[in-house]
2 protein chains.
Amino acid sequence: MRKIDTRDFRSATRSTSRQINRQIALNLVREHQPISRAELARRMKVGRATVTALVNELLADGSIYEGEFARAPRGRKPMMLHVRTRDRLVIAVDVRFSRTYVMLSDFSGTQIALETFETMVDRDTLLDEIALRVHRLLRAHGAEGSCEGIGVVIPGMVNRESGHVLYAPQLGWRNVEVSSALAERTGLPVHIENAPIACALAQLWLGQRGAATEDFVFVVVSDGVGVGAVVNGDVVHGHSHTGGEFGHIPLVPGGPRCLCGADGCLEALTSNLATIARYLGREITSPDLREILQGGGPTIDDVVTRAHGGDQHAQEALQETGRYLGLGLSSIVNGLNPAQIYLAGEITGAWDLIGPGIRAEIARRGLTPEAARTPVIPEPTPYPRLRGAIALVAAPVFAAPRVG
Amino acid sequence: MRKIDTRDFRSATRSTSRQINRQIALNLVREHQPISRAELARRMKVGRATVTALVNELLADGSIYEGEFARAPRGRKPMMLHVRTRDRLVIAVDVRFSRTYVMLSDFSGTQIALETFETMVDRDTLLDEIALRVHRLLRAHGAEGSCEGIGVVIPGMVNRESGHVLYAPQLGWRNVEVSSALAERTGLPVHIENAPIACALAQLWLGQRGAATEDFVFVVVSDGVGVGAVVNGDVVHGHSHTGGEFGHIPLVPGGPRCLCGADGCLEALTSNLATIARYLGREITSPDLREILQGGGPTIDDVVTRAHGGDQHAQEALQETGRYLGLGLSSIVNGLNPAQIYLAGEITGAWDLIGPGIRAEIARRGLTPEAARTPVIPEPTPYPRLRGAIALVAAPVFAAPRVG
DNA sequence: CTCATTTTGTTTACGCATCGAATTATCCCG
DNA sequence: CGGGATAATTCGATGCGTAAACAAAATGAG
């Protein structure tokens with residue numbers, strides 16, 4: 001039951017009905033392919049005449065294609081329809097603290113090529129390098145014409161519409177314009193988004209059928225802790241583009257100081273850095289921790305493998321991370337009541353150690369039996385952020401038209 | 001950018017465009033009345049011919065009415081349009097721990113009559129009493145034909161569609177059906193909702209023009225602490241109808257035990273009971289606190305007046321409530337990034353004492369300057385819950401049609 | 001008063017969309 | 001090879017936005 005925003009609405013024109021049904025048909029083909037026109041008409045509960053017109057339009061602009069005739073027990077064989085994804089390419093870019101990833105992929109999320117290089121914190125140097133690699137990748141795969149856009153995910157807060165990075169602590173960026181700067185360098189449309197929000201988008205648009213519901217969250221634990229939240233089928237951006245920063249909710253008043261300046265944030269207790277610090281018996285803020293890490297100290301993957309190898313300190317450090325994560329996620333369970341919580345990050349490699357703690361805290365603090373049972377699902381996708389970057393380009397093609 | 005739910009969608013028919021534009025026109029009249037057809041056409045950016053047809057439909061079903069001719073500097077005088085609200089009545093019911101409120105109101109939220117009685121915890125006894133008073137109220141005001149529905153708000157979790165109360169700790173209700181039971185007794189359509197969510201709805205639909213944006217939250221501090229959240233212009237219900245229970249996010253691990261069974265919940269630190277307990281120097285869980293309160297101990301209003309009278313203990317108790325509230329609200333600021341936070345409850349009477357603490361915590365923990373400045377607005381509406389109950393009946397009339 | 005001008009609101013012809021029925025195109029099977 | 005069944009298209013009817021023409025009602029200059 002949405003309210004019409006009288007300061008920003010769209011009146012229906014004579015083609016509005018067509019736009020709506022066009023997108024419905026496209027999405028039905030996407031989720032049920034291969035599918036015939038007759039089956040589409042039945043599912044949409046519209047006449048076959050309408051479907052014929054819709055399909056002809058979708059065929060004309062290359063959104064879908066006709067495949068083969070299917071076998072049928074009786075009657076004329078139906079012509080099956082598919083969405084075109086293989087020859088629609090996307091460049092996905094994941095800018096992280098240490099390294100930047102550039103991937104060439106198709107619309108379905110299938111990887112075609114992947115490159116990595118060390119992240120430069122200067123914007124122009126970084127964008128030049130990205131643009132160089134984009135051109136090289138497209139030329140190498142003879143795909144200069146068929147790339148439909150670039151998706152960029154950033155570890156920080158992003159104004160999606162304007163294409164600015166508002167604040168990315170790990171890069172030291174504040175109010176940095178990215179979209180049009182990269183678009184000029186590459187001649188391609190650029191979409192930019194906060195990494196966890198993009199991951200949630202990917203779950204919504206590229207996830208298994210039935211994986212994503214109208215309400216879920218995607219939690220990314222890495223250098224920081226970020227959340228992409230989907231409420232009523234729509235991603236949460238917030239009023240000033242800082243929604244989803246559940247990594248900075250207060251968990252332990254007077255607890256360890258966080259990069260954001262406050263104390264006792266969920267992130268300061270459960271980020272990879274926090275887990276490593278706990279393993280080493282150091283304060284996350286202590287100056288010698290930085291030295292240890294820069295001097296070849298253990299990575300989070302090391303901690304996970306040592307825990308599997310029987311290192312009790314590592315096991316305990318991960319278990320405590322799990323308990324704190326569960327405490328933080330219980331805030332999300334009670335506040336947003338998602339159907340599922342997806343969890344990505346290196347620590348999911350030690351799911352046997354962190355999973356029970358998470359579940360226990362959610363079970364303890366959930367208000368109803370259903371909420372207490374909210375499933376927490378470790379996400380095994382190899383590159384969730386890059387998948388998010390792909391979704392940035394692919395999602396608008398399939399999204400419902402704005403009306404009202 | 002919403003995704004089409006392929007398991008539950010609505011294809012557009014020939015009349016979909018008309019439905020959309022009809023609701024847009026209705027909302028524009030609502031927010032800009034009195035307004036002429038020509039002005040409507042300009043705002044909607046459609047031809048005057050379309051507006052004529054739309055207005056004729058709205059006039060025919062009594063949604064709007066023609067008022068007077070307006071003065072114009074040149075040309076033909078425009079006929080002004082208004083939405084019909086005065087003779088469209090609503091019954092609003094607010095079931096609280098101690099008392100139940102039944103109000104007769106019109107569609108605009110103007111109070112016509114108000115009654116109160118002591119809440120009975122047995123469902124059937126309570127509903128019988130409500131039905132009796134509804135009949136009496138409508139007969140007394142000769143309004144038996146023009147009442148369009150009953151809105152009921154409950155201090156607990158509600159399944160809006162099925163009309164069940166899932167869990168209301170203060171009433172001791174679990175899985176209690178209300179909607180159809182009351183509808184049978186009164187012959188009127190019944191809408192039921194969680195109280196804070198209804199308050200947010202009211203802010204969205206009955207608030208001052210410009211008061212409500214697409215993203216805000218409405219926080220109610222009383223016997224419990226509840227939140228109604230609006231994200232992307234839509235209320236947050238959650239997957240199993242327990243969204244908005246930010247009152248039960250963990251704030252102080254190992255803190256005071258909450259009614260919900262967990263420890264250190266925001267509610268256990270900032271509900272009226274928590275503030276009174278703090279004032280009395282008691283644990284919120286201590287058995288003698290209940291005795292004191294049942295034996296005529298101070299109410300929250302008493303604490304507020306004593307604080308204004310110079311009682312330092314009362315002042316400190318309220319200030320600490322403010323600081324904890326601020327800490328809890330900072331989770332909402334970082335997680336949902338609302339444009340505003342509305343705060344209702346008796347403690348807003350001591351805004352000079354609690355306001356600064358709230359603002360300070362949000363300023364301390366906000367991630368960007370904009371988020372740190374998130375306005376926290378004490379809501380002075382006399383009966384926010386009853387206003388919410390009215391909105392339950394009024395909102396569907398003005399809501400955008402579901403498409404896609 | 002008369003008449004041009006301006007603005008509001010309605011009417012009309014038309015284009016685009018859904019909708020239902022009729023039609024055509026294929027298939028399977030006996 | 002013909003009959004039944006299913007798929008897909010075609011065609012006329014109808015709903016609705018759109019643009020232009022038109023009618024209605026006011027103002028103001030001559």
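In which sense do strand β1 (residues 35-36) of chain B and strand β3 (residues 79-83) of chain B pair, and over how many bridges? The pairing is antiparallel, and 2 bridges hold the record of it. The legends below describe close-up views of a predicted model.

**Figure 1. Strand pairing around β3 of chain B.** Strand β3(B), residues 79-83, pairs with strand β1(B), residues 35-36, in the antiparallel sense over 2 bridges. Within this pairing, Ser36(B) stands opposite Met80(B) of β3(B). Strand β2 of chain B, residues 64-69, also pairs with β3(B) in the antiparallel sense, here over 4 bridges. In that pairing Glu66(B) has Leu81(B) of β3(B) as its bridge partner.

**Figure 2. The open sheet β1-β3-β2 of chain A.** Three strands of chain A form an open sheet in the order β1-β3-β2, with antiparallel pairing. Strands β1 (35-36) and β2 (64-69) of chain A stand at the edges with a single partner strand each, so one side of each has no neighbour in the sheet. Helix α1 of chain A (residues 16-32) packs on this sheet and touches β1, β2 and β3 of chain A. The direction of α1(A) makes about 95° with that of β3(A).

**Figure 3. Bridge partners along β3 of chain A.** Strand β1(A) is joined to strand β3 of chain A (residues 79-83) by 2 bridges, and the two strands run antiparallel. Ser36(A) has Met80(A) as its bridge partner in β3(A), and Ile35(A) has Leu81(A). The pairing of β2(A) with β3(A) is likewise antiparallel and extends over 4 bridges. There, Ile64(A) stands opposite Val83(A) of β3(A). In a regular strand, side chains alternate between the two faces of the sheet.

**Figure 4. The open sheet β8-β9-β10 of chain A.** This view shows an open sheet of 3 strands in chain A, ordered β8-β9-β10 and paired in the antiparallel sense. The edge strands, β8 (157-159) and β10 (173-177) of chain A, each pair on one side only. On average, and with direction ignored, neighbouring strands of the sheet are turned by 15° against each other. Strand β9 of chain A (residues 164-168) is joined to β10(A) by 4 bridges, and these strands run antiparallel. His164(A) has Glu177(A) as its bridge partner in β10(A).

**Figure 5. Packing of helices α1 and α3 of chain B.** Two packed helices are described by the angle between their axes and the distance between the axes. For α1(B) and α3(B) the angle is about 80° and the axes are 10 Å apart. The helices are therefore roughly perpendicular to each other. Helix α1(B) contributes Asn21(B), Arg22(B), Ala25(B) and Leu26(B) to the contact. Helix α3(B) contributes Thr50(B), Val51(B), Leu54(B), Val55(B), Glu57(B) and Leu58(B). By class, the contact residues are 6 nonpolar, 2 polar and 2 charged.

**Figure 6. Crossing of helices α11 and α12 of chain B.** The axes of α11(B), residues 312-336, and α12(B), residues 351-365, come within 7 Å and cross at roughly 35°. The crossing of α11(B) past α12(B) is right-handed. The residues of this contact comprise 11 nonpolar, 9 polar and 4 charged.

**Figure 7. The contact between chains A and B.** Chain B gives 71 residues to the contact and chain A gives 72 residues. On the side of chain B that touches chain A, at least two residues each come from α1, β9 (164-168), α6 (195-206), α11, α12, α13 (369-372) and α14 (384-398) of chain B. Helix α1(B) supplies the largest share of that side, with 9 residues. This side of chain B has 35 nonpolar, 24 polar and 12 charged residues.

**Figure 8. Surroundings of DNA strand C.** DNA strand C is surrounded by 29 residues, the closest being Ala49(A), Arg76(A), Ala49(B), Gly75(B) and Arg76(B). The elements giving two or more residues to this surface are α1 and α3 of chain A, together with α2 (37-44) and α3 of chain B. The surface near DNA strand C has 9 nonpolar, 10 polar and 10 charged residues.

**Figure 9. Surroundings of DNA strand D.** Around DNA strand D lie 29 residues, of which the closest are Ala49(A), Thr52(A), Gly75(A), Arg76(A) and Ala49(B). Two or more residues of this surface come from each of α2 (37-44) and α3 (48-60) of chain A and α1 (16-32) and α3 (48-60) of chain B. The residues near DNA strand D divide into 9 nonpolar, 10 polar and 10 charged.

Terms used. Residues numbered from 1 in each chain as written. Chains lettered and ligands numbered in written order. Predicted model: local features only at pLDDT ≥ 70, side-chain atom pairs only at ≥ 80, totals over all residues. Near = placed C-beta within 6 Å. Nonpolar A, V, L, I, M, F, W, Y, C, P; charged D, E, K, R; others polar. Axes fitted to C-alpha atoms, helices over the stretch in contact; angles between N-to-C directions. Left-handed = near helix turned anticlockwise from the far one by under 90°. Parallel < 35°, antiparallel > 145°, perpendicular 65-115°, else oblique. Contact = placed C-beta atoms within 7 Å. Pairing = 2+ DSSP bridges.
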